[in-house]
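The points below concern chain organisation and contacts.

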Amino acid sequence: MDVYLQQLPQQLINGLTLGGVYALIAIGYTMVYGILFMLNFAHGEIYMIGGFAGWWVLHLLSVNSQPVMNAALIISLMIIAAMAVSGLLGVLVERFAYRPLRQAPRINLLLSALGVSIFLQNLVLNFQGAKPRFFHVMSLVPENIRVIEVGNTVFSFMRILVIVVSFVLMGLLTYAIKKTKTGKAMRATAQDIEAATFMGIDTDRIIVYVFLIGSALGGAAGTLVGLLFTQVDYYVGFQAGLKGFTAAVLGGIGNISGAMLGGIILGLTEALATTFFPSAYKDVVAFTILIIVLIFRPWGLMGEKIPEKV
Amino acid sequence: MPNDYWLRIYGITGIYIMLSLGLNVVAGFAGLLDLAYVAFFGIGGYTFALLSSNHFNIHLPFLIVLPIAAIVTMGFGFALGATSIRLSGDYLAIATLAFAQIFRLLLINLDRPIDITGGVNGIYNFDPIHILGIKIVSPESYAYLIWFSALIVVIGCFRLKNSRYGRGWNAIREDELAAQVLGVNITWMKLKAFAGGALIAGGTGAFFASFQDSVFPNNFDFPQLVIVYCMVILGGLGNILGVVLGAVLLSVLPEFLREYGAYRMMSYGLILIVLMALRPQGLLGTIGFLTKTKKRPDKDETGILRASTDLYYEGAQETECKRAETGKHCKGDHVVLELKGVSMNFGGVTAVNNLHFHLFEREILSIIGPNGAGKSTVFNLISGIYKPDKGSILYKGSELAGLKPHRVLKAGIARTFQNLRLFNKMTVLDNAKVAQFHRTKSGPFSILLHLPRYKKEEAECERYAKEVLGRFGRRLTGYRLEQEAMFLSYANRRRLEIARALSTKAKVLMLDEPSAGMNPQETFEITDFIKQLRDDYGYTILLIEHKLNLVRKISDRVIVLDYGRKIAEGSYEDVASNTQVIEAYLGRKGH
């Protein structure tokens, strides 16, 4: 028991780190679902491509695995590039794969999203290869293994960075949604898309913003994970997508704060589970939570049950 | 004889045909998006691997392993299908996807502590298949065996589609709620759809394992699922021949495009995107291949365009307008339906407030009241769509409250919907036939083997459906029988809604605004018709109506609801002069 208690702070940090990342991915799913009632299956691949974008920036700004400028600057550029690339990709996907299906039955949208996911995954596989790309984090932050050591807990720089960046981004998003006019328009569109058009909101443009922001956050998550686990490959999107989706559903799909909460809870649960279960089965934790939530409380922790008028 | 290479391609094509047909049952017929389908394929394959090899040293013959694999997989199908009871659409897709991932994880990791699945390396070197003394080893013999089984699966699928199972699944796919209310046990049917797909996938898995002489976890992973979905969608979801065509195309075409093999999966993704945007119904989509090519009724061999009125009178001989002896039924003294203290709240809004009333045998009782008074909610409570918060609903002495809609129908109460819930893409005849779902009993065996018992039941079902449709004159008969419900005129759609309820052979009919949107002529007709239903056929009728002249003409008694409470009851004259009622409709007289 003592052993577990000693590991607790460490796992808490790990959990928060993972949680921040899952939350960023979950936000993308939940924002799109809130307005279009569709599950953007391809979101996981957008996250993955964000990771690749970050890697490319690092690669281009390094010679022989040594960075040519200030590490902080490089990392900032990586995150910004990832957000830009993913955001743009999200907008393109919406424009060409989802917008034509605006009036179609939901099953068509889901299948199209499936198609986009497969397409993007294999696009990267074909043009970037199957081998993982490594982030030479060691040279970026030489003493990144430990910055603070408190008792048995090791706070790695990267983890702190990931936690800080993800929470900052979430904070910015919350501010934007609650205080800006566009944010208000987004909330209105999510509540009743028809009424929003009657109020003079250009819902097509709002939808573009939603995809832009959700995808950008996913892309940021991709690069952060790349820095954290030092690698990215064409397949990470699939797994991360499912986890992000689990977080979104857990928190209440359509609810942005729910997505953040769900992400953090999922991250903590997964970290705690790895102390007790063999790590090969750690993914089972997320999938089991998903199935249980979907069957017993599909509207999640913060969602609302919507009755159907007969 | 083509060389071994192509024979192998034929073999794999046959496997994909069967696999796609299985997916077509669960996703095409029943409309359930099952993303764990390929895991069933895997269960079948691994079952064969474990029972016919040196892995555990079990060496059962193929003719025994095949049914075992299929049935074991079907069991898993039932289990997974249980998730579909609560979930639908996107959520079901994700839940099944999660299961598929768990399956994959198990396959990879269950090689310690005991080696069950062989882990990443899979299992290989199986016993060869012996059927009736013939050893199946060469690609040629495999091709014959596989295509023979594929043919059997195709025939089975056609038989299922044209049976009460096919109609029930179609109804569920079109409108789950309406299907329930018409007697389809949606829980069981969804389970059976999963199980049916799993059965086929499991059997196919056994064939595949033997054919490849090995099974690996990545044979049953996500890319494989996408391939099968592509085949089904490309051919046309729900269309059996389309699915076969899709499977053939996507098995054979990549062989000609081998040099671009690296882009294969990417293309599948692109195919899905483009298909959904431009032609979601796939290649053969709504074109029935073996269904009778419908001659356009307004054009015949002479080439002259005929008027619709001619067509109208044409089907005259097809209609057996069997009229029972006129007017032999009237209101009885026996109470068949009783509501006691029924209340229903929707999150703070009281829709129905402590409602009491009786319905006598063979009575025509009308419920009237301003909009929002709770009339349709009362119907929903009786038919089992909602469970009352308080009170009880007794039908012939037994409690109805809390029963599922299909059980209420089975007990003998049918209803129509205010906003019409027809099965739009099903034909008029099928709409009427599916209403008899709960009165027919044929199971998969009778259907697949076309046993005499099944044929008799189908014939009777069709006869009765045509008879019921014939009661509306010639409007729903003749060439209209094969027309899809969405193409009917509005008044005919309302008539079909009633015809469907009649087809259930229920004794009590609840009609929710049957004349809504009809012009005076049509309203006149339907009023007469409803009266006839009681006078000639002895139905008990509960009616919601806004057209008070209709109500006055045919009701034995009238109940008035306002804000969920009963404010008046009695004959039409009593109720019409009641001040509370007048106030509810017209407001209070000013002074």
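**Notes on chain B**

1. In this predicted model, the C-alpha centres of domain 1 of chain B and domain 2 of chain B are 42 Å apart. Domain 1 covers 4-278 and domain 2 covers 335-586, with bounds taken from an automatic or database domain assignment.

2. Where the two domains of chain B touch, 20 residues of domain 1 and 25 residues of domain 2 take part; two residues are in contact if their C-beta atoms, placed from the backbone, lie within 7 Å. On the domain 1 side, α6 (139-161), α7 (164-174) and α8 (176-181) of chain B each give at least two residues.

3. Chain B has 23 helices and 16 strands. These are DSSP runs, helices being H or I of at least four residues and strands E of at least two, numbered from the N terminus. The C-alpha trace of chain B spans about 95 × 70 × 45 Å along its principal axes.

4. Between the chains, 33 residues of chain B contact 33 residues of chain A. On the chain B side, α4 (83-86), α5 (89-109), α10 (222-235) and α12 (264-278) each contribute two or more residues. The most, 11 residues, come from α5(B).

5. Residues are numbered from 1 along each chain as its sequence is written, and chains are lettered from A and ligands numbered from 1 in the order in which they are written. Local features need pLDDT of at least 70 and side-chain atom pairs count only at pLDDT 80 or more, whereas totals for chains, interfaces and linings use all residues.
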